[in-house]
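I opened my notebook to see what can be read from one protein chain. Here are my entries, in the order I looked things up.

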Amino acid sequence: MDKLEQYQNYIEDLLKEYSQFKPSYGDVEVQLVFDREHKHYQLMTFGWNGNKRIHGMMLHLNIKNGKIWIQHDGTERGIAGDLLELGVPKEDIVLAFQAPARRKYTDFAVS
């Protein structure tokens, strides 16, 4: 299995795992969105909490130039740690939610 396919499988498996955790409030659904062709992966939440509409992104990752870009991480534990535990090297993970100028201060890839 090549690196790209391995990273796609890692991301999909992790998002499937995260999707099992349902919000403890309201009538909220969790939905997986996988676009293998364009290499984008999202975990969305939507529904209602009383009269308040819930619609948002919990996780958004994509693969670009052989690296995993974490565009948004709304989890408590952080998906970067999960990727590291699976063996993804830090130089293949970009914390894209950090400003480009600040990324050099992390242990992860800059771009």
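**Entry 1: contacts along the chain.** I began with contacts, where contact means heavy atoms within 4.5 Å. Of the contacts in the protein chain with a separation of 6 or more, 36% are between residues 24 or more positions apart.

**Entry 2: what I am looking at.** I noted that this is a predicted model, in which local features need pLDDT of at least 70 and side-chain atom pairs count only at pLDDT 80 or more, while totals for chains, interfaces and linings use all residues. Residues are numbered from 1 along each chain as its sequence is written, and side-chain values use heavy atoms, with hydrogens and water left out.

**Entry 3: the layout.** I found 3 helices and 5 strands in the protein chain. Both kinds are DSSP runs numbered from the N terminus: helices are H or I with at least four residues, strands are E with at least two. Starting at the N terminus, the order reads α-β-β-β-β-α-β-α. The radius of gyration is 15 Å, close to the 13 Å that the globule rule gives for 111 residues, so the chain is as compact as a globular protein of that length. For my own reference, this radius is taken over C-alpha atoms, and the rule is 2.2 Å times the number of residues to the power 0.38. The C-alpha atoms fill a box of roughly 45 × 35 × 25 Å along the principal axes.

Entry 4: How much of the protein chain counts as buried? I read 38% of the 111 residues. Buried means under 20% relative accessible area, exposed over 50%, and partly exposed in between, using a 1.4 Å probe and protein chains only.

**Entry 5: two loop residues.** I looked up Lys39, in the loop between β1 (27–35) and β2 (40–49). Its phi is near 60°, a positive value in a residue other than glycine. Lys39 is partly exposed, at 24% relative accessible area. Asn65 sits in the loop between β3 (52–64) and β4 (67–73). Asn65 is not a glycine either, yet has a positive phi of about 55°. Is Asn65 buried or exposed? With a relative accessible area of 72%, Asn65 is exposed.

**Entry 6: Phe108.** I then went to the segment after α3 (100–103), where Phe108 lies. Phe108 is buried, with 18% relative accessible area. Leaving aside neighbours within four places in sequence, Phe108 has contacts that include Ala80, Leu84, Ile93 and Leu95. I also compared Phe108 with Asn9: they are 99 residues apart in sequence and 21 Å apart in space, C-alpha to C-alpha.

**Entry 7: two strand residues.** Lys67 belongs to strand β4. Which residues does Lys67 touch, not counting those up to four places away in sequence? I listed Asn62, Glu91, Asp92, Val94, Ala109 and Ser111. From Lys67 to Asp92 there are 25 residues in sequence and 4.5 Å in space, C-alpha to C-alpha. Leu32, in strand β1, counts as partly exposed at 31% relative accessibility. Leu32 and Leu43 are 11 residues apart in sequence, with 4.8 Å between their C-alpha atoms. Beyond four places in sequence, Leu32 touches Leu15, Lys16, Ser19, Gln42 and Leu43.
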